[in-house]
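Thanks for passing this one along. Here are my notes, point by point, for you to check against the coordinates.

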Amino acid sequence: MAMEVTQVLLNAQSIDGNVRKHAEESLKQFQEQNLSSFLLSLSSELANDEKPVDSRKLAGLILKNALDAKEQHRKLELVQRWLSLDNNVKSQIKACLLKTLSSPVVDARSTASQVIAKIAGIELPQKQWPELIVSLLSNIHQLPSHVKQATLETLGYLCEEVSPDVIDQDQVNKILTAVVQGMNASEGNNDVRLAATRALYNALGFAQANFSNDMERDYIMRVVCEATLSPEVKIRQAAFECLVSISSSYYEKLTPYIQDIFSITAKAVREDEEPVALQAIEFWSSICDEEIEILEEYGDDFTGDSDIPCFYFIKQALPALVPMLLETLLKQEEDQDQDEGAWNIAMAGGTCLGLVARTVGDDIVPLVMPFIEENITKPDWRSRERQQLMPLAQSWRVLPLTS
């Protein structure tokens, strides 16, 4: 069966239903009869650069599905099944996966990254595969660049799968150093820089100690902010996603950076492509969420000199933030009117504006009122924006409004 695995994997993707069904049954039978050989064959297929891309991708997908499941009881079964395999078999599979990170085929590398992370999620909490992170970090300094890119991608997936308390602080520091260096503007390969930026997003939960250190936090924030200005749109988007995560995870550490963040978010909202602009708006929505939660939880008990960390970022940014958000309401495209499920800059801006109003209360009224009075009765005013602002206007008793 092992000799035929390539063709069976290809047949399992056939447009012919009978061929596909027979191949799926063959794979299921192979797995049930000899799990170790089955998983070894899949890992060997994935690692072999002479094999077709489609068979390698499916081999990796089946491997990943053999390690994890959505249902918790099934997930536990698969974890125990993997742990019970012969150690020599597991070592061979892991060696194939690490080898695949050097493959010139991007789909094979990406699939291997995900499978490695799944195994790490099982083994690292059991104090197994202790050499994994050292092995991955050693790849960071290698050429060609695609090995570095795949390794950073793997580290990102690993941080998504593993709890922060599983990895000791020294290794966390080394992972973050590798990731942030990969994000640096001096990194000449955009694929590497993108993989690093996405990896940081997943690694932020590991960085509590690093964000408590002024110098380390300054360095991380500088690199993230620089990445929001990258010429590559995907890198800019990923960097803003990092800022959104930082806003909720490390809200209390943002004071030294909030002015610069406002500048780069405002530029993105006004000038950048929609995926980037949406994340820039989401940053301020996230800040609103944090401050609403703090103020609602403590209510009248909250005082300015309290230990409760509300820094009133929204109130401080209000004179510049509200006009920026109001501008977004004018950006809806004509063809988006018909798509009720669309999420665009105008909708994101309107949603954020509502959160700002909840955060600061009546302080927003003088900033919003002239805009409402000027636009809401215009015949060409977008109906969706009218719907977003009418409740605000009515609650402030601006005018008799008609829809």
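Are Tyr 251 and Phe 313 buried or exposed? Both Tyr 251 and Phe 313 are buried. Please keep in mind throughout that this is a predicted model.

1. Aromatic pairs. I would start with the rings, of which seven pairs are found in the structure. In one of them, Tyr 251 and Phe 313 have ring centres 5.2 Å apart and planes at 65°, so the pair is edge-to-face. Tyr 251 sits in the loop between α14 (233–249) and α15 (258–271), while Phe 313 belongs to helix α17 (residues 313–328), so parts 62 residues apart in sequence are tied together. Phe 311 joins these two residues in a cluster linked by ring pairs.

2. Phe 262 counts as buried at 13% relative accessibility, and Trp 284 counts as buried at 1%.

3. The salt bridges come to 16. Lys 118 and Asp 68 form one with an N to O distance of 2.6 Å. Because Lys 118 lies in helix α7 (residues 106–123) and Asp 68 in the loop between α4 (53–65) and α5 (72–83), the pair ties together parts that are 50 residues apart in sequence. Both residues are buried. Asp 68 and Lys 118 also belong to a salt-bridge network with Lys 75 and Glu 161.

4. A bridge within one helix. Arg 217 and Asp 214 form a salt bridge, with their closest N and O atoms 2.9 Å apart. These residues are three apart in helix α13 (residues 214–227), so about one helical turn separates them. Arg 217 is buried, at 7% relative accessible area, whereas Asp 214 is partly exposed, at 48%.

5. Worth a look at the cut-off. Lys 315 and Asp 363 meet at 3.8 Å, N to O, and a salt bridge is counted within 4 Å. Lys 315 is partly exposed at 40% relative accessibility, and Asp 363 is partly exposed at 38%.

6. Surface charge. Glu 282, Asp 289, Glu 293 and Glu 297 make up a negative surface patch. Glu 297 is located in helix α16 (residues 274–298) and counts as exposed, at 54% relative accessibility.

Conventions
Residues numbered from 1 in each chain as written. Predicted model: local features only at pLDDT ≥ 70, side-chain atom pairs only at ≥ 80, totals over all residues. Heavy atoms only, no water. Patch = residues over 30% accessible without salt bridge, like charges linked within 9 Å, V, L, I, M, F, W, Y side chains within 5 Å. Areas by Shrake-Rupley, 256 points an atom, 1.4 Å probe, with all protein chains shown as cover. Salt bridge = Lys/Arg side-chain N within 4 Å of Asp/Glu carboxyl O. Lys, Arg positive; Asp, Glu negative; His and termini not counted. Charge placed at Lys NZ, Arg CZ, Asp CG, Glu CD. Helix = DSSP H or I, 4+ residues; strand = E, 2+ residues; numbered from the N terminus. Buried < 20%, exposed > 50% of the residue type's maximum accessible area, 1.4 Å probe, protein only. Phe/Tyr/Trp six-rings, centres within 6.5 Å; stacked < 30°, edge-to-face > 60°.
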